[in-house]
Amino acid sequence: MRDSVSRSVRYCLVLVATMGLVACEPRGEHDGEAGGGLVVEDAWVRPARNAGTGNVHSAAYFTLRNRSRQDVRLSSVEAEVAEAVEIHESIDDAGVVRMRPVATVEVPARGSVAFQPGGLHVMLLRLRHDLVDGDSLRLSLVFEDGARVEVPAVVRSAVF
Amino acid sequence: MIRFVSVAALALLLTGCTRYEPHGTLLDPPMNAPEFVLTSADGAVAKSDFQGQLVVLSFGFTRCPDVCPDTVSRLARAVRQLDPEQAQQVQVVVVSVDPWRDSPERIHTYAQAFHPTFVGVSGTPEEIAAVAAGYGIFFERAELDSGDYTVDHTAATTVLNRRGETVLIWPYGTDADAIADDLRFLLRRA
């Protein structure tokens, strides 16, 4: 009985300590995860050839999962591989696809947002070099509250 | 035993009679489609060059990073699923809806990056407008704040039968397996 009580106390202490650590984790640069409980999953970029001919673009995709209790907003993405990076959305308007820039993307508390072909995507404009299947590059996701998440993204074709 | 054989025979009979339901929209009877002459890296490309083959027309542009490469890569995956003999009877033609920026060389190189047998064609804005209108494809420049522009366009893919008539239309997002199934069906049928 005493053993069982002491086990419970120990368990509670560990739990409280863990919660404290999680709450105290600073916001800052992390690989694929921000201190605020934001996780970036399955980041990938479309292959692109002939970057040398100029004005060759590609797109990056990922899933943003917000494990925190607060909504967060993605405000921009940075990537060394492109001269400019913009967040866009493709909208299927009765068979006509329209692509428009998006200023910010809200990821609701305990929710997720998928960047995927035919929907939200990160446009990588004027690539500095070709993107070949299997290559890896880094994306920096910048959030409205100043948090920044560094993510490795693999170059691959879409999986249908 | 007799019952088993009867059930098996019936199942075979039913399988044989099952009508294939295409994933795309089948036009039955097929619809007349206008002739076109556009330009690829190696010169003029006309619809009539492909008599006897299925022609898959995909309208897009090289600066489109999302929907167009998505569609063309699905087509490439579908063609790779066909037997070599079947694949030879299918010609994918990527038609630029950005004639202002896509030279014939540029769109052809783009198409070939997905599959070496694909052909990319462009033309003058007037030529492209005429072909798009003939095939029911809407396209329009949309100016962006950045000073750049994108092109809004119908994202459906059109298939012409061996006689050059429109026979099937796939909406955007049709997956590669479905495209391959429909191509095999059209090859059997034609």
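Predicted model: local features only at pLDDT ≥ 70, side-chain atom pairs only at ≥ 80, totals over all residues.

Modeller: Asp70(B) and Arg46(A) form a salt bridge, with their closest N and O atoms 3.6 Å apart. Because Asp70(B) lies in helix H2 (residues 67-81) of chain B and Arg46(A) in the loop between E3 and strand E4 (58-66) of chain A, the pair joins two chains.

Biologist: Are Asp70(B) and Arg46(A) buried or exposed?

Modeller: Asp70(B) is buried, and Arg46(A) is buried as well.

Biologist: What is the general idea behind such pairs?

Modeller: Side chains of opposite charge can pair when their charged atoms come close. In this structure, Asp152(B) and Arg98(A) meet through their side chains in a salt bridge of 3.1 Å, N to O. This pair crosses between chains, with Asp152(B) in strand E8 (residues 149-154) of chain B and Arg98(A) in strand E7 (residues 96-101) of chain A.

Biologist: How is the accessibility of Asp152(B) to be read?

Modeller: Asp152(B) has 1% relative accessibility and therefore counts as buried, the cut-off being under 20%. Arg98(A), at 22%, counts as partly exposed.

Biologist: Which residues are linked with Arg98(A) in a network of salt bridges?

Modeller: The network links Asp93(A), Arg98(A), Arg100(A) and Asp152(B).

Biologist: Where do the partners lie when Asp42(A) pairs with Arg156(A)?

Modeller: Their side chains meet in a salt bridge at 3.5 Å, N to O. Asp42(A) is in strand E3 (residues 38-45) of chain A and Arg156(A) in the segment after strand E12 (148-155) of chain A, 114 residues apart, so the pair links distant parts of the chain. Asp42(A) is exposed, with a relative accessible area of 53%.

Biologist: How many salt bridges are found over all chains?

Modeller: A search of the whole structure finds 20.

Conventions
Residues numbered from 1 in each chain as written. Chains lettered and ligands numbered in written order. Heavy atoms only, no water. Salt bridge = Lys/Arg side-chain N within 4 Å of Asp/Glu carboxyl O. Helix = DSSP H or I, 4+ residues; strand = E, 2+ residues; numbered from the N terminus. Buried < 20%, exposed > 50% of the residue type's maximum accessible area, 1.4 Å probe, protein only.
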